[in-house]
Every structure is written in C-alpha cells, then in structure tokens.
Amino acid sequence: MPSTEPPSVPPANVLPKVAAIRAADGERLRSVHLPGMTLTVRSRRPAREGLPPALYVHGLGGSSQNWSALMPLLDGVVRSEALDLPGFGDSPPPDDGDYSITGHARAVVRHLDASGRGPVHLFGNSLGGAVVTRVAAARPDLVRTLTLVSPALPEIRVQRSAVPTGLLAVPGVAALFTRLTREWTAEQRVRGVRALCYGDPERVSEEGFRNAVEEMERRLQLPYFWDAMARSARGIVNAYTLGGQHALWRQAERVLAPTLLVYGGRDQLVAYRMAQRAARAFRDSRLLTLPDAGHVAMMEYPEAVATAFRELLADTADTTDTVGTGKPVGDERTDGAVDGEPANQTTGG
C-alpha cells in the first residue's frame, strides 16, 4: 500500500532557487547558521543604542513578514528581530525534519542562546504563540515579557472554521489538497487566506495584497512547502493531546514573565472565548480584546497592539530586568534545547 506521507524533501543545499524574499523599508535580512538548522532573521535598526531586544515568532503558514507592520511602531522602545521558523519564510527545513512545537521552540532557544540577545521581549502569533509559551515556561532566563496574539493553545471545542486547518495534520491530506487545488492561482489562495485570517479582509491594502500574492507564488515553488505546513499542523494537534508537565496550559501557568494577551473578536481560528481562560492561566497577565480583529491583530491593528505593548513596558519597567534572571526550569537541557513531546512524535518517523 503506498505511503500517505508527503514525499521526502531534498537537502537544503540542493533546493531550487526561488525569488528573493521581500524586505520592507528599514529592514535587513540575514541567515543564521545553527546546529541542525539555518534561520532567516529579519531585523530593524534601533532608534538609539541601549534598547532592550525583542524577538517575534510567526504562525502556521506565516513568516517574519507578518510582523513588518508592528515592528516599526516599536523602534523607539525595543531592538526588533523576527525569525522565519524552519521550513517557513526563507528558512530551509530543519535537518531532523522536526516540526513539533518543541522543535520550533528549540529553534527559538538556539537562536537566542547563540546570539546572546536574551532576555528578550518575546512575541508570538498563533502557532508562534504556543512555541513562545513553551520557551517562556522552560527558559525564563530568556524572556523579559511575553506578548501572545491569538496563541494556539488547546481548545476542547474547536471552531468549525478551524477544522480544515487542523485536517492538514492527517497524513495524506496535504498531498490530497495539493492535487485538488493544483489549478488555483496564487491570487485565489491569498484571497482564501485573507478571508480566514482577517476580521475585515478589506483592511488589506492593494499593495499588501500584491505583496502577499508575490510571496505565495514564491512559496509554491518550494518543494517542502506543504510538508512543513502538514507537519507543523500535526505538531499543534499532538501538543494539544499532551498531559502532565508538557501540557501547554500547564506550561502557561508556569510562565513568570509579564504577559500581554491579544484576542480578536472575529478570529476564525482561535476562539475569542479562550481569552478569559488565558488571562486566568498566565499568572501576570493583561488582556487586550479587539472586537473587529481576526487572527492576526498585529497586521490588522498594529497601532493598538503597539500601544498595549508600550503600556506593558511602562507598567513593568521596574520588574522586567529581573524576570530574566530565573534559572532554567523543568524540561530545559544543558545544550540549550527544549525537551517536550516524546521523540519523533510529530516527524513521521
């Protein structure tokens, strides 16, 4: 019986050349080579010396570009970097094929340990929200504050509109979807993503839409695109099933850093009702609810998110410098990696 797993992906050094990834005004892109992975990092020149560092982590199917609207609004208060998780944006797949929540968290930790930038103000959206929650729980020494925009934390009652995304985790579904949508144009795909992720799709400018289409065309040329999507979706689903100390809600309760939670009232992927549970779980949290926002509030309402983060900084100015001095706890290893799920649980082998 033929395998339903996505086909094997060629090594990163033999992947086809595709169009260069876009950098907005004031942004710089660089490659960071780490054990077992290479990450593309997007950064901005800080307004002045001595500002604390910030790191931004995108969601499923996203990239560091998802933070390009927010980062310039914070130039005066932080030194911003946003990374492309392995297999997304301009980062090639990880050598071990591990797209679990823990695997992505390991990439964040390795980057922070190697760069010496920690502790940082850590941001995460959707999948990235689950990833940075795990980082903050396991490595409090790396985190000053935590900002979570629609974090992908477990829900008992998943919204119907989120089911198709979850189905990507089922072996063979990504390959089937690829065949069924072979004739779809990049523009059609972007319109679908925009309708799913934005509270009001019309808030996307014409230029923003054209840029998104250009990026979709680039991604579709990558032979590992659907593999990274499917395995990362599987990583989210598997993380939802974990119990004990590795359960994401349990780890949320262990986060020491002051936390800003941002939820959209029109979010079709993470239920708005989860905002109150998150506010109870994170011990030092504040909540920003945006009734008209969808799943990517930092792209739809960057000014509101920036204002809330600035208020968080102002209110925690006396404490954030000491939060990051805590010892690594729980499931952190001496090599800087973050342990979590059982080995190979989400890698298909």
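Predicted model: local features only at pLDDT ≥ 70, side-chain atom pairs only at ≥ 80, totals over all residues.
Let's start inside. The largest nonpolar core has 53 residues, and V108, L122, L146 and F282 touch the most other members. Helix α2 (residues 127-138) gives the most to this core, with 7 residues. To see what such a contact list looks like, take V108: leaving out residues up to four places away in sequence, V108 touches L55, V57, L83, L85, L122, V131 and V135. Apart from this core lies another, of 35 residues, with W67, M216, L288 and F309 among them.

F309 leads us to helix α11 (residues 302-315). At 1.5 Å a residue, the 14 residues of α11 should span 20 Å, and the end C-alpha atoms are 20 Å apart, which agrees. Which residues of α11 are buried, and which are exposed on the other side? The table sorts them.

| Side of α11 | Residues |
|---|---|
| Buried | P302, V305, A306, A308, F309, L312, L313 |
| Exposed, on the other side | E303, A314, D315 |

Now for the rings. The structure holds 5 aromatic pairs. One of them joins F123 and F309 in a tilted arrangement, 4.8 Å centre to centre with 50° between the planes. Because F123 lies in strand β5 and F309 in helix α11, the pair ties together parts that are 186 residues apart in sequence. Both F123 and F309 are buried, and together with Y56 and W67 they form one aromatic cluster. Elsewhere, R203 lies over the face of Y301, at 4.1 Å from the ring centre.

Definitions and conventions
Residues numbered from 1 in each chain as written. Heavy atoms only, no water. Core = buried A, V, L, I, M, F, W, Y, C linked by side-chain atoms within 4.5 Å. Buried < 20%, exposed > 50% of the residue type's maximum accessible area, 1.4 Å probe, protein only. Helix = DSSP H or I, 4+ residues; strand = E, 2+ residues; numbered from the N terminus. Contact = heavy atoms within 4.5 Å. Expected span 1.5 Å × (residues − 1). Phe/Tyr/Trp six-rings, centres within 6.5 Å; stacked < 30°, edge-to-face > 60°. Lys NZ or Arg CZ within 6 Å of the ring centre and 35° of its normal.
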